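Hi everyone, thanks for coming.

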Amino acid sequence: KQLYQRRVREAVVSTQSTGKLAKSPNKNQALKDMYTLAISRFSLPGDAGFPLNAVYSRPQGAEVEKMRQYLTQCRQELGQRLVEKVFGDTDKPSKWWTCYARRKFMDKTLTPLGQQF
């Protein structure tokens, strides 16, 4: 169950990150955008804005900060890896990778309605 939960969360974050990369004009800006996205404030399970509350349970006590640090680290690593995949050796994003920017995973998004990422 934990592996499934992690995979769902990674897929939703990947979709959001790919959307952000599609708008980046070059690789250097993409790296900056991914870092900014990774360290930006995000909802944790149990928070009102968290889209996957049905899948995750609310962390308790010291787990809250530990989970936030872990997810921030995961988002940073995912962002760096996606930039390398999406841009490769060029300074333009790959159209193949950015085609996923228009789709939602399981019809979920990490940004509240009306707010762009």
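Let's start with R81 and E77, whose side chains meet in a salt bridge, with 2.7 Å from N to O. By salt bridge I mean a side-chain nitrogen of Lys or Arg within 4 Å of a carboxyl oxygen of Asp or Glu. Side chains of opposite charge can pair when their charged atoms come close. R81 and E77 are four residues apart in helix α3, so about one helical turn separates them. R81 counts as exposed, at 56% relative accessibility, while E77 is partly exposed at 36%. Those words have cut-offs: buried is under 20% relative accessible area, exposed is over 50%, and partly exposed is in between, using a 1.4 Å probe and protein chains only.

A quick word on what you are looking at: this is a predicted model, where local features need pLDDT of at least 70 and side-chain atom pairs count only at pLDDT 80 or more, while totals for chains, interfaces and linings use all residues. Residues are numbered from 1 along each chain as its sequence is written, and side-chain values use heavy atoms, with hydrogens and water left out.

How many salt bridges does a search of the whole structure find? It finds three. Another of them joins K27 and E84, with the closest N and O atoms 3.3 Å apart. This pair links distant parts of the chain, 57 residues apart: K27 belongs to helix α2 (residues 27–39) and E84 to helix α3 (residues 63–87). Is K27 buried or exposed? K27 counts as buried, at 19% relative accessibility, whereas E84 is partly exposed at 45%.

Then there is R58 with D47, where the closest N and O atoms are 3.9 Å apart. Both R58 and D47 lie in the loop between α2 and α3, so this pair ties together parts that are eleven residues apart in sequence. R58 is partly exposed at 47% relative accessibility, and D47 is partly exposed too, with a relative accessible area of 25%.

Now let's step back to the whole chain. There are four helices and zero strands, so defined because helices are DSSP runs of H or I with at least four residues, strands are runs of E with at least two, and both are numbered from the N terminus. Of the 117 residues, 33% count as buried. The chain exposes about 8000 Å², and carbon and sulfur atoms supply 52% of that area; accessible areas come from the Shrake-Rupley method with a 1.4 Å probe, and for residues only the protein chains shown count as cover.

What about the inside? The largest nonpolar core has eight residues: L21, A30, M34, L37, L82, V83, V86 and F87. Such a core is a set of buried Ala, Val, Leu, Ile, Met, Phe, Trp, Tyr and Cys residues joined through side-chain atoms within 4.5 Å. Helices α2 and α3 each supply at least two of its residues, and α3 gives the most, with four. Not counting residues up to four places away in sequence, L21 touches several residues, including A30, M34, F87 and P93; a contact here means heavy atoms within 4.5 Å.

One last stop: R68 lies over the face of F42, at 5.2 Å from the ring centre. That label requires NZ of Lys or CZ of Arg within 6 Å of the ring centre and within 35 degrees of the ring normal.
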